Amino acid sequence: MEMSYDDRPGQIWLDGALVPWGDANTHILTHALHYASCVFEGERAYGGRIFKLNEHTRRLFDGAGVMDMTIPYTIEGIDAACALVVHNQGISDGYVRPIVWRGAEMMGVSAQSTKIHVAIAAWEWPDYFTDRMTGIKMKWAKWRRPDPATIPCHTKAGGLYMICTLSKHDAEKDGFADALMLDYRGYIAEATGANIFMLLADGKLHTPEPDCFLDGITKRTVSALAEARGYEIVQRHIMPEELAGASEVFLTGTAVEVTPVREIGEYSFTPGDLTRTLMEDYDAEVRRAIPATQNAA
Ligand SMILES: Cc1ncc(COP(=O)(O)O)c(C=O)c1O
C-alpha cells in the first residue's frame, strides 16, 4: 500500500512559508472542499529541475483567473516557490503539485471574500504506467467532456476531475489502465489525465482539436518533437471509428509522458517505431540542459 499523502517526511509550501508536511491542513468547512473552488497544476522535475515550470505556473494563474480567484503572489514568486520545494525535499525526479483554493471564511455558493490559499507539495515519483512499451489497455468512458459553455474546460479546475475519476475508476474495475472520453458531440476527446495522438494511414499524426478540454503542455511539446522528425500534425475533430485505421496510438501528459496504447475498446494497435522515437525524444527533451537565462521555461 502506498504511503498516505497526508503524512510524509519533509515540508509543504503553504501560503508563503514551508511547514511540516503533516501540518499543511485546511478546515473541514473550506469552500473548495464543498464547491470545488480550486485549480491545480501537475508538474514533473527531472534532475531536480521542473520541466516547463513557467508554462505550468502561467496556466495556474490563468485558471485561477477564470475561476475568479486572484492569487496573492506573482508568477515569479510561485515559480521560485516550486523550485524551492523540489530542492527542499531533495527531489531529483519527482512530481510537483501546486494548488490554489478558496478558504473557510464564507460558506455558501457565494464566497466572494474567502481567502485565496496556495500550497505546493512535491514528491519522488516513478512512471505513471509501469508497462511502458507494452502499451496500455483502455476502456471507453461512459462520461463525456462537456460543452465549453457549461464549464471552464481549459483550466485544471478541481471540478472537472470528477468526470475523470468516475471514468478511471470504472476502467480500473474492469482491468483497464485508463479510460478514453468522448466529448459532448461524440468526438474523441482525451484520457483521464492525458491527451491522445494516433498515426493514421496517411502517415500523419492526428490529435483531437482541444476545443473542450485541456490543451496539454506535453501535447504541444510532443507535437513539436514529431514535427522536428518530419511528421505533420493534424489537429481536428476525430470520430471514434477512425481508430480502426490507426497503426500507432499514444497518450501524452506531464504524468504519463509519452505512453503507448495497445487497446481502446474494440480497437487494437501495436506500439511501434514512431511511438518509441517520440518517447526517447521526450525523455531527452525533459533532461536537456538549457541556458540559465531560460531556466524557468
Ligand atoms: C484531463 C487532462 N488532460 C490532459 C492533460 C495533459 O496536460 P499536460 O500535458 O499539460 O500535463 C492533463 C494533465 O495535466 C489532464 O489532467
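Biologist: Where is Ala-201 placed?
Modeller: This is a predicted model, and in it Ala-201 sits in the loop that links β11 (195-199) to β12 (205-208).

Biologist: Is Ala-201 buried or exposed?
Modeller: Ala-201 is exposed, since 8 other C-beta atoms lie within 10 Å, and a residue counts as exposed when that number is 12 or fewer.

Biologist: OK, stepping back, what does the secondary structure of the protein come to?
Modeller: There are six helices and 16 strands in the protein.

Biologist: And what about the radius of gyration?
Modeller: The protein has a radius of gyration of 19 Å, which agrees with the value near 19 Å that a compact globule of 297 residues would have. Along the principal axes, its C-alpha atoms fill a box of roughly 55 × 45 × 35 Å. Of the 297 residues, 40% count as buried, and among contacts between residues at least 6 apart in sequence, 70% join residues at least 24 apart.

Biologist: Let's go to helix α4, then; which of its residues are buried?
Modeller: In α4, the buried residues are Ile-163, Ser-167, Lys-168 and Ala-171. Seen down the helix axis, the buried residues of α4 fall within an arc of 120°, so they line one face.

Biologist: Why would residues spaced like that point the same way?
Modeller: An α-helix has 3.6 residues a turn, so residues three or four places apart point the same way.

Biologist: What do the buried residues of α4 pack against, and what is exposed on the other side?
Modeller: They pack against β8 (136-140) and β9 (178-182), whereas Met-162, Thr-165, His-169 and Lys-173 are exposed on the other side of α4. After α4 comes Gly-175, which has a positive phi near 90°.

Biologist: Which residues are buried in α6?
Modeller: Thr-275, Leu-278 and Val-286 are buried in α6. They cover an arc of only 65° around the axis, which puts them on the same side of α6. What covers these buried residues includes β4 (43-46), α5, β14 (248-253) and β15 (257-264), while the face turned away from the buried side carries the exposed residues Asp-273, Glu-280, Ala-284 and Arg-287.

Biologist: Changing topic, which residues come nearest to the ligand?
Modeller: Of the 13 residues around the ligand, Gly-216, Ile-217, Thr-218, Gly-253 and Thr-254 come nearest. Helix α5 (residues 217-228) gives the most to that shell, with three residues.

Biologist: How many residues of that shell are charged?
Modeller: Two are charged, and the shell around the ligand also has seven polar and four nonpolar residues.

Definitions and conventions. Residues are numbered from 1 along each chain as its sequence is written. This is a predicted model: local features need pLDDT of at least 70, side-chain atom pairs count only at pLDDT 80 or more; totals for chains, interfaces and linings use all residues. A residue is near a molecule or strand if its C-beta atom, placed from the backbone, lies within 6 Å of it. Helices (H or I, at least four residues) and strands (E, at least two) are DSSP runs, numbered from the N terminus. Ala, Val, Leu, Ile, Met, Phe, Trp, Tyr, Cys and Pro count as nonpolar, Asp, Glu, Lys and Arg as charged, and the others, Gly among them, as polar. The radius of gyration is taken over C-alpha atoms; the globule rule is 2.2 Å times the number of residues to the power 0.38. A residue is buried if 20 or more other C-beta atoms lie within 10 Å of its own, exposed if 12 or fewer, and partly exposed in between; C-beta atoms are placed from the backbone. Two residues are in contact if their C-beta atoms, placed from the backbone, lie within 7 Å. The arc is that of the directions from the helix axis to the C-beta atoms.
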